[in-house]
Structure formats: structure tokens, C-alpha cells
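Here is my note on the model, point by point. Please read it with the structure open.

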Amino acid sequence: MGLTQEDKRKYGLSIENYKPIVTFIIIGLNVLVFFWETMSGGSEKIDVLLKCGASYAPYIFEDAQWYRIITSMFVHIGVEHIASNMICLIAVGQYVENYFGRVKYVIIYIVAGIIGNLLSLMVDMKTGSFAVSAGASGAISGLIGTLIVLAIDPETRKIFPMYRVLMAIVLVMIPSKEGIDVAAHIGGLLGGIAVGYTFYYYDKSKG
């Protein structure tokens with residue numbers, strides 16, 4: 001038997017009357033950057049992507065352009081890329097924002113995205129294959145990782161059973177087409193699990 005609406009509200013899982021303001025703001029920022037890319041010549045052109053803040057190992061390590069680790073989370077390559085990421089973001093983000101609160105939600109999102117991008121850069125440095133990468137998928141993978149917290153909590157796992165969460169993770173980890181940055185997905189997922197569980201443990205320890 002699932003949780004009632006009252007239970008969902010109690011545990012921060014009811015989105016019936018909840019407005020995921022931060023999720024909408026993040027989506028808005030991504031759309032604005034994508035519009036900038038389009039006006040600058042096209043979101044699939046390498047020079048435009050680099051101009052708008054995409055991640056590229058030589059620029060980051062040789063020219064110390066560390067800001068790209070964060071800005072690349074808001075840059076997307078093509079309409080399909082941003083559309084799929086924003087659909088995933090609204091689908092998962094509203095629950096994570098509701099459950100953890102807006103400040104913790106932002107921390108999870110940014111930290112997971114940074115960890116995903118750092119792991120991607122480490123793989124690039126190891127393989128010597130320096131690709132221009134961008135997208136919110138690492139951060140979104142982090143949000144999906146936090147669903148594991150909901151799946152292990154006895155009070156919320158009725159809504160988020162572990163097998164469904166694992167299925168979502170598997171779908172995210174399987175590349176849907178060539179060019180998907182799997183390392184960023186894995187890094188973001190692990191970062192989301194770590195930060196999400198840290199917040200969960202801290203809140204539970206405070207009662």
C-alpha cells in the first residue's frame with residue numbers, strides 16, 4: 001500500500017501544490033544560454049560552444065579557465081540535447097527540491113555537476129582524447145542518485161522502490177547515442193549519492 005497524500009506532504013513528496021521554483025530557474029538559465037548559443041551562430045558549432053563556456057581540458061588545465069567546470073552545465077549541444085535534459089530535470093528535480101529543500105537542492109545539483117565534469121576531465125587527460133563537452137546531464141544524474149536516499153528511507157521507499165531507482169540509473173548510464181559523456185554521468189551520480197546521503201544522515205541525526 002502506497003503513502004497517502006497526507007503522508008506525501010509530511011515527507012516532502014507531494015508536488016500537488018508545490019512550486020519547484022529553483023528547478024524552473026535552472027531550466028530558465030539553460031534555455032537562456034541555449035538562446036545565446038543559437039544567436040551566436042548555432043549550438044552545434046565548436047567555437048560557439050567554447051565561447052559560451054563548454055568544458056575543454058586544454059583550456060581548463062593550460063589556461064586555468066576553471067569556470068568552465070560550472071558554466072558547461074548550462075551549455076547544450078543541439079535541440080534534442082537540451083530538450084531531453086530539461087524533461088529529465090523537471091521530472092526528477094521537483095521531487096528532490098521538495099524533499100531536501102531549495103538550498104540543499106542547489107548544492108546537490110552544483111556539486112554533482114562539478115564532480116561529473118571533473119571525472120570527465122580526468123578521463124580525457126588519461127586517454128589524451130580532448131573533447132568539447134557540455135550539458136546538465138552530470139548534475140541531473142546527481143539528482144537521480146539522491147533518489148537512492150528516498151529508496152532506502154522506510155518512510156518514502158513505498159513511492160520510490162529501489163528497483164525503479166536502479167532502472168532509472170541504468171537508463172541514464174546507457175549511452176543513447178555516440179558522444180554521450182558517460183564519465184560525467186557516473187561522476188554526477190556518485191556525487192549526488194554522496195551529498196544526498198550526507199544531507200539525509202545529518203537531518204535524521206538531528207531528529
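1. Angle of α6 and α8. Helices α6 and α8 are oblique to each other, because angles under 35 degrees count as roughly parallel, over 145 as roughly antiparallel, 65 to 115 as roughly perpendicular and the rest as oblique. The axes of α6 (residues 79-100) and α8 (residues 137-152) cross at roughly 45° and come within 9 Å. Axes here are lines fitted to C-alpha atoms, for helices over the stretch in contact, with angles from 0 to 180 degrees between N-to-C directions. The crossing of α6 past α8 is left-handed. A crossing is left-handed if the near helix is turned anticlockwise from the far one by less than a right angle, and right-handed if clockwise.

2. Basis of the note. This is a predicted model; local features need pLDDT of at least 70, side-chain atom pairs count only at pLDDT 80 or more, and totals for chains, interfaces and linings use all residues. Residues are numbered from 1 along each chain as its sequence is written, and side-chain values use heavy atoms, leaving out hydrogens and water.

3. Residues between α6 and α8. From α6 come Asn85, Cys88, Leu89, Val92, Gly93, Val96, Tyr99 and Phe100. They meet Ser137, Ile140, Leu143, Ile144, Thr146, Leu147, Val149 and Leu150 of α8. Contact means heavy atoms within 4.5 Å. By class, this contact of α6 with α8 has 12 nonpolar, 4 polar and no charged residues. Ala, Val, Leu, Ile, Met, Phe, Trp, Tyr, Cys and Pro count as nonpolar, Asp, Glu, Lys and Arg as charged, and the others, Gly among them, as polar.

4. Overall make-up. The protein has 10 helices and 0 strands. Helices (H or I, at least four residues) and strands (E, at least two) are DSSP runs, numbered from the N terminus. Of the 207 residues, 47% are buried. Buried means under 20% relative accessible area, exposed over 50%, and partly exposed in between (1.4 Å probe, protein chains only). Take the contacts between residues at least 6 apart in sequence: 76% of them join residues at least 24 apart.

5. α2 against α6. How do the axes of α2 and α6 cross? They cross at roughly 165° and come within 9 Å, with α2 spanning residues 21-39. That makes α2 roughly antiparallel to α6. The crossing of α2 past α6 is right-handed. On the α2 side the contact is made by Ile21, Val22, Thr23, Phe24, Ile26, Ile27, Asn30, Val31 and Phe34. On the α6 side it is made by Val79, Ile82, Met86, Leu89, Ile90, Gly93, Gln94 and Glu97. The contact of α2 with α6 divides into 12 nonpolar, 4 polar and 1 charged residues.

6. α7 against α8. The axes of α7 and α8 come within 7 Å and cross at roughly 125°. The two helices are therefore oblique to each other. α7 passes α8 in a right-handed crossing. Tyr105, Ile108, Tyr109, Ala112 and Gly113 of α7 make the contact with Gly138, Ala139, Ile140, Gly142, Leu143 and Thr146 of α8. The residues of this contact divide into 7 nonpolar, 4 polar and no charged.

7. His185. Is His185 buried or exposed? His185 is buried, at a relative accessible area of 9%. Its place is in α10 (residues 182-205). The side chains of His185 and Ser137 are joined by a polar contact of 3.0 Å. A polar contact is a pair of N or O atoms within 3.5 Å; within protein, one must be able to donate a hydrogen and the other to accept it, and residues adjacent in sequence count only if both atoms are side-chain atoms. Ser137 is also among the α8 residues that meet α6.

8. Leu119. This residue lies in α7 (residues 102-127). Leu119 is partly exposed, with a relative accessible area of 27%. Beyond its neighbours within four places in sequence, Leu119 is in contact with Ala183, Ile186 and Gly187. Leu119 and Gly188 are 69 residues apart in sequence, yet 8.6 Å apart in space, C-alpha to C-alpha.

9. Lys51. Helix α3 (residues 46-51) holds Lys51. Lys51 is exposed, with a relative accessible area of 54%. Leaving aside neighbours within four places in sequence, Lys51 is in contact with Trp36 and Ser40.

10. Ala64. Check the backbone here. Phi of Ala64 is near 55°, a positive value in a residue other than glycine. Most residues other than glycine have a negative phi. Ala64 sits in the loop between α4 (57-62) and α5 (68-71).
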